[in-house]
Amino acid sequence: MEQRGRKTWLGRTQWFAFVTTVALWGFSGASAQIRYSISEEVQEGTVAGNLAKDLGIDLNILKERGFRIASGTGDPLFRVNENDGVLYVNRKIDREEVCEDSTVCLINLKTVLENPLEVHYVAIEILDINDHSPIFPEKEERLEISESTLPGARYQLHDARDPDGGTNSVQQYKLSPNDHFRLEVKDRGRHGKSPILHLQKSLDRETKSKHKLTLSAIDGGKPPKTGTVDIFIDVSDVNDNLPVFSKDIYSAVLRENSPVGTTVIQVNATDLDNGSNGEVVYSFGSNVKSKIRELFSIDSVTGEIIVKGQVDYEVQDTYDIDIRASDKGNVPLRTEKSVIIKIEDVNDNNPEIEVTSLSGAISEDSRPGTTVALISITDLDSGLNGKLISNVGLAESSQFALTPSIQENMFAVVTKRKLDREKQSLYDITIIAKDAGEPALTSEKTITVVVSDVNDNSPEFSLRPYTFYVNENNAPGASIFSVKAFDRDNGENSVVSYHIQRDVGDNSKLTSFININGDSGDVSGLKSFDFEVLKTFHFQVVAKDSGTPSLSSNVTVNVFILDQNDNAPVILYPVSANGTAEGVEEIPRNVNPGHLVAKVRAYDADIGYNGWLLYSLQEVTDHSLFALDRYTGQIRTLRSFTETDEAEHKLVILVKDNGNVSLSATATVTVKVVEPKEAFAASDVKSVSKDEDDNNMTFYLIITLGSVSTLFIFSIIVLIIMQCSKSTDYSSKHLQETNYDGTLCHSIQYRSGDRRYMLVGPRMSIGSTIVPGSNGNTLVVPDRRRASGEVRKTHHGIHGLLNCFVVVYGLFEY
């Protein structure tokens with residue numbers, strides 16, 4: 001019945017754990033100290049406790065915040081299920097392996113909840129079960145006792161070792177029944193119990209020379225387990241005095257890390273026997289563990305205990321060593337005495353910095369005071385050597401601070417001010433810990449904090465504004481220029497797309513003829529531009545990032561169309577007929593050298609060098625008679641006519657612009673040399689003809705003159721205003737017109753076929769030239785005698801406007 005009850009109790013301790021204590025609140029959230037108890041050797045997966053229930057944490061929060069155990073390296077003993085918060089045994093636990101020579105086996109765990117960080121401390125006591133039997137170091141033990149030994153002699157026997165702790169360790173010894181010996185058990189506190197054999201009746205070697213005893217060691221388990229050893233006693237003769245130590249108690253203090261060879265203490269024992277029976281030798285007792293033998297040695301002659309290995313206070317602070325003194329008799333007698341060595345701590349351990357929890361990344365918009373990491377700092381030394389002084393902190397960090405917690409030796413790394421990823425995206429934070437020992441020891445640990453990006457930067461254009469120059473006649477659909485914006489954010493927040501802001505302002509119609517690649521920013525024209533129609537325009541480009549919410553910026557793009565030489569010169573005089581420009585001029589034979597025969601007029605729709613016209617004689621019947629001004633197109637006589645000169649001369653004039661690939665046109669002027677009388681007669685005939693048409697032309701002439709007068713008065717007013725603010729100066733390099741009369745306008749008479757024409761236009765200053773890019777200006781008046789369907793055209797020239805501001809040429813018959 002009792003045995004069944006024990007099995008039931010054992011089963012319950014293997015499969016259930018109970019909560020004993022809940023205490024403490026930490027920083028960063030609720031932090032608790034929970035204690036469970038569980039038996040050793042339970043199966044993997046055994047429930048140790050329900051942390052979620054005992055801590056009062058909702059299961060949904062538990063899973064979202066990543067409940068885990070902050071364990072070090074190696075195979076952990078326990079694991080926690082983040083779904084239900086149950087603590088399980090991860091592998092079989094051998095208490096004797098985990099907590100060797102410890103009365104209470106306590107395992108401390110740190111459990112962590114992330115975002116925000118929250119630490120809970122769990123202490124698990126491993127309960128011992130009686131899974132080991134007592135074992136003696138040897139299967140048999142031999143003693144040699146002289147027959148002269150008096151009753152009361154004591155013989156130290158080997159202790160039985162039981163790895164179990166508490167009541168499951170060796171509790172008692174039993175000796176097999178005999179007539180000469182009895183057993184005494186010495187309680188040595190935490191070092192267990194030792195069997196001592198007492199001689200209670202004198203031995204008689206002649207009666208019995210050998211004795212065999214059985215020593216049993218029994219632990220306190222239920223049921224108890226037993227180990228035995230056979231003791232063989234040989235009865236010898238003679239030596240009947242035991243060595244005696246000079247002191248009842250030996251003790252010494254030894255500083256840890258003392259060098260090898262240091263003498264700890266010297267023991268002394270004497271033997272009253274003579275000769276070899278009185279010579280004493282020293283050795284360690286049979287119960288001294290091998291670990292102690294690795295640290296210390298004893299001189300067999302002098303009894304000095306000497307440091308042999310590395311003595312570490314943090315491993316063990318006290319040693320109780322049995323020293324044996326034996327004589328050299330044929331049957332040696334021996335006495336044992338305990339020597340207690342206390343280890344004095346020195347500051348030989350640097351503080352240990354452990355990162356309990358570290359955030360993978362922290363957002364750059366986190367508030368000051370946000371916890372980045374939890375740090376645990378411990379020192380294995382004791383007293384002041386293990387105490388951390390107040391200057392635990394961070395090295396070279398103006399962005400972070402180390403704040404203490406109510407939990408001893410726990411610290412939090414927090415932000416001191418707002419972070420900016422665009423200035424610095426990675427921080428290496430060095431944590432410094434210093435103890436209070438003499439000399440003080442310092443430790444450092446560096447953690448890396450990554451700053452994650454938020455969309456807090458708008459795209460920035462490389463130029464503001466953009467100015468581009470585009471040649472006219474561009475290929476439709478081809479890229480003409482490109483804009484570029486960059487975003488200082490990272491990832492998706494820095495991916496920029498482009499679009500044109502349409503339906504805004506006066507250029508909304510023009511933006512329909514351009515397109516932009518949303519990914520690259522390349523701008524293409526959907527049609528060819530014509531400088532003569534459009535010279536400049538502007539529009540807005542918007543750059544938008546891919547963040548949430550997205551940010552954008554815009555920039556003004558100014559586009560200037562560059563002129564190309566795509567217009568050939570157009571001949572205004574002579575008037576073109578059937579695709580050719582031909583004119584006839586009659587001059588008297590008696591004109592003087594330098595007489596103005598005619599002036600070839602042409603214009604080019606291009607500007608600059610592309611519209612700068614030059615005149616040259618391509619064909620002429622007599623080079624000695626006529627000269628052509630290459631800039632004005634004026635044809636003048638070089639000399640007087642003679643009797644032998646022909647009466648008709650043909651001049652072919654080439655008009656060419658100054659483009660890279662120049663374009664040209666030709667005009668033909670036929671000069672007829674007539675006698676002065678014929679010239680006057682022709683003039684009279686024309687005068688009569690003109691009188692006949694005066695009545696018909698009067699009405700149109702009045703309208704024309706009225707319009708010209710109105711424009712003339714307006715131009716005079718504008719000219720006065722313009723001359724007050726800006727003056728124009730042209731260098732003189734050509735011949736003066738002979739008929740210059742000081743007026744703002746002048747006229748040129750010429751004839752084509754049987755008709756005579758007069759060209760009215762702004763007068764140029766004396767010696768002026770046709771400015772490159774200027775266009776001729778012509779007003780064409782339809783002939784009443786022809787079908788009414790001709791078109792009236794007016795061309796405005798820039799430089800003619802600056803000189804006269806009368807921008808109308810009247811072309812009419814008379």
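Q: What makes the charged end of Arg 142 count as sitting over the ring of Phe 232?
A: The charged end of Arg 142 is 4.8 Å from the ring centre of Phe 232. A charge sits over a ring if NZ of Lys or CZ of Arg is within 6 Å of the ring centre and within 35 degrees of the ring normal. Lys 527 also lies over a ring face, that of Phe 513, at 4.5 Å from the centre.

This is a predicted model, in which local features need pLDDT of at least 70, side-chain atom pairs count only at pLDDT 80 or more, and totals for chains, interfaces and linings use all residues. Residues are numbered from 1 along each chain as its sequence is written, and side-chain values use heavy atoms, with hydrogens and water left out.

Q: Why is the pair of Phe 296 and Tyr 319 called edge-to-face?
A: Rings of Phe, Tyr and Trp (its six-membered ring) pair if their centres lie within 6.5 Å; planes under 30 degrees apart count as stacked, over 60 as edge-to-face and the rest as tilted. Phe 296 and Tyr 319 have centres 5.5 Å apart and planes at 70°, so the pair is edge-to-face.

Q: Why is the pair of Tyr 466 and Phe 468 called stacked?
A: The angle between the planes is 10°, with 5.5 Å centre to centre, so the pair of Tyr 466 and Phe 468 counts as stacked. Both residues are buried (under 20% relative accessible area; exposed is over 50%, partly exposed in between; 1.4 Å probe, protein chains only).

Q: How do you know that Asp 162 has no salt bridge?
A: A salt bridge needs a side-chain nitrogen of Lys or Arg within 4 Å of a carboxyl oxygen of Asp or Glu. The nearest side chain of opposite charge, Lys 225, is 8.3 Å away, so buried Asp 162 has none.

How values were computed. Lys and Arg count as positive and Asp and Glu as negative; His and the chain ends are not counted.
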